[in-house]
Amino acid sequence: MLPLILLIAVTEGAAIVCGATFDKLETGIVKGLSFLQFMFPPDWAAFKDMLEPAFQSITIAALGTIFGTILSVVFAVLAASNISHSWVRNTARFLIGLERSVPEIVILLLLIAAFGLGSMPGIVSLTLGCIGMLGKLLADIIEEIDPVMIESMESLGANKLQIIWFGVMPQIIPNLVSYALFRFEINIRLSVILGAIGAGGIGYELDYSFSMLQYHRAFTAMIVVMVMIFGTERLSYMLRKKFKVEGALQ
């Protein structure tokens, strides 16, 4: 009972500090529903104009996931205590933690200042975001590998590269594929947000339509975004299920 009372007290205190009240929630819901009326019906004529930006967003997410996954494996190996020396592990863990502490939006703003607007900052931002997430997860998996296997390979004269390639990689590939697909789902969503800031793609079209008060066109862009996200989730689910059942993608 006491934990419940403490939870209620903390929640009430946080609501007071943030200025969150049920009156504001009710008012916001009413205004939001009335605003949706301006967006119907969607501008189907603009649908064909959304296909290229949508493909661009998917491409940004895919490239960011591919490059990020590759780099994540490198950082994971460096951050695993049973593979790397302590100073290498601590340095890699610090870099991984540093990346996780900086949101992708902040990274994108820094990259826009360096590279300008366009897809390049978005790809690099998502790539770095993958390292922060996948690098830590894979490093923890590598550290849980049976040490007897590594010791037996070392006793046979295998070097570090051979141990990683023939001993470590086959054991982490199932998790690697599953996590990479999950990260791709996240990157699809992030590509829309980053696109509205300056990375291009469907996110830019959505932000532009709202800023120009073209609500019917904005609703069309929202439909395309929902189709992208739903389709990506279903594809990722099917691939993960296939990999889990058969043990390998075929």
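Me: How do α5 and α6 lie to each other in this model?

Reply: Oblique is the word, and it follows from the angle, therefore check the classes: under 35 degrees is roughly parallel, over 145 roughly antiparallel, 65 to 115 roughly perpendicular, and the rest oblique. α5 and α6 are therefore oblique to each other. The model is predicted, so local features need pLDDT of at least 70 and side-chain atom pairs 80 or more, while totals for chains, interfaces and linings use all residues. Residues are numbered from 1 along each chain as its sequence is written, and side-chain values use heavy atoms, without hydrogens and water.

Me: What is the angle between α5 and α6?

Reply: An axis is a line fitted to C-alpha atoms, for helices over the stretch in contact; angles between N-to-C directions run from 0 to 180 degrees. Helix α5 covers residues 104-115. It packs against α6 at about 140°, and their axes are 9 Å apart.

Me: Which hand does the crossing of α5 and α6 have?

Reply: Look at the near helix: turned anticlockwise from the far one by less than a right angle, the crossing is left-handed; clockwise, right-handed. α5 passes α6 in a right-handed crossing.

Me: Which residues of α5 and α6 meet?

Reply: Contact means heavy atoms within 4.5 Å. From α5 come E104, I107, L108, L111, I112 and F115. Their partners in α6 include M120, P121, V124 and L128. To sort them, Ala, Val, Leu, Ile, Met, Phe, Trp, Tyr, Cys and Pro count as nonpolar, Asp, Glu, Lys and Arg as charged, and the others, Gly among them, as polar. The contact of α5 with α6 has nine nonpolar residues, three polar and one charged.

Me: How does α4 cross α6?

Reply: α4 spans residues 86-100 and α6 spans 119-143. Their axes come within 8 Å and cross at roughly 140°. α4 and α6 are therefore oblique to each other. α4 passes α6 in a left-handed crossing. R89, R93, I96, E99 and R100 of α4 take part. Among the α6 residues they meet are K136, D140 and E143. This contact holds five nonpolar, three polar and seven charged residues.

Me: How many helices and strands does the protein have?

Reply: Both are DSSP runs numbered from the N terminus: helices are H or I, at least four residues, and strands are E, at least two. The protein has 10 helices and zero strands. Its radius of gyration is 23 Å, well over the 18 Å of the globule rule for 250 residues, so it is more spread out than a compact globule. That radius is taken over C-alpha atoms; the rule is 2.2 Å times the number of residues to the power 0.38.
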